[in-house]
Amino acid sequence: MRTSPNRLLATIFGAVYLLVGIAGFFVTSGIGFFATEGRNLIIFEVNPLHNIIHLAIGAALLLAGLSSVAASKGVNTTIGGVYLLVGVLGLFLVGSSLNIIALNGADNVLHLASAVLLLGVGLSQDKNVAASHRVAV
């Protein structure tokens, strides 16, 4: 794991997102599952659905990071792409009835920053793994 930026990033992000997902449940008791306005976890709004999404993303990243370079590279790139989409869509969802994961401005900034980091590492690092898979197939 020490020699792969993708595995390291996936493992760290996975652990952090799992912890955030768990911590979110401590602040969202009594909030509707799809509430458009959540409760603050530091400066980020969360609701129960948002917490479950954090748990799923954290688990996927952590499992990939602990699994292999190829898995972590693929998961980093995929989740980075999803976060890019969520970050951009979130700019339009805040304050609307479609905001079922209780996004706020801080969430949007974090999702866009996570997207840049995950996509940047996923697409630029560990290129020798992608090349060796193409040859082996």
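**Exercise 1. Find which helix gives the most residues to the lining of the largest pocket, then describe that pocket.**

*Solution.* Keep in mind that you're looking at a predicted model.

Step 1: Go through the lining by element. Helix 1 comes out on top, giving five residues to the lining of the largest pocket.

Step 2: See who else joins in. The elements that give two or more residues to this lining are helix 1 (5-27) and helix 4 (105-124).

Step 3: Look at the whole lining. It has 13 residues, and the ones nearest the pocket's centre are Val16, Tyr17, Val20, Phe44 and Leu110.

Step 4: Sort the lining by class. You get nine nonpolar residues, three polar and one charged.

Step 5: The largest pocket holds about 200 Å³ of space.

**Exercise 2. Work out how helix 1 and helix 4 pack, and which residues make the contact.**

Step 1: Grab both values. The angle is about 155°, and the axes of helix 1 and helix 4 are 9 Å apart.

Step 2: Angles over 145 degrees count as roughly antiparallel, so helix 1 is roughly antiparallel to helix 4.

Step 3: Check the handedness. The crossing of helix 1 past helix 4 is left-handed.

Step 4: List the partners. Helix 1 brings Pro5, Asn6, Leu9, Phe13 and Tyr17, while helix 4 brings Leu110, Ser114, Leu117, Leu118, Val121 and Gly122.

Note on methods:
Residues numbered from 1 in each chain as written. Predicted model: local features only at pLDDT ≥ 70, side-chain atom pairs only at ≥ 80, totals over all residues. Heavy atoms only, no water. 1 Å grid on protein atoms, 1.4 Å probe; cavity = no way out; pocket = protein on both sides within 12 Å on 5 of 7 lines; lining within 4 Å. Points joined across faces, edges and corners; volume = space filled by probe spheres on them. Helix = DSSP H or I, 4+ residues; strand = E, 2+ residues; numbered from the N terminus. Nonpolar A, V, L, I, M, F, W, Y, C, P; charged D, E, K, R; others polar. Axes fitted to C-alpha atoms, helices over the stretch in contact; angles between N-to-C directions. Parallel < 35°, antiparallel > 145°, perpendicular 65-115°, else oblique. Left-handed = near helix turned anticlockwise from the far one by under 90°. Contact = heavy atoms within 4.5 Å.
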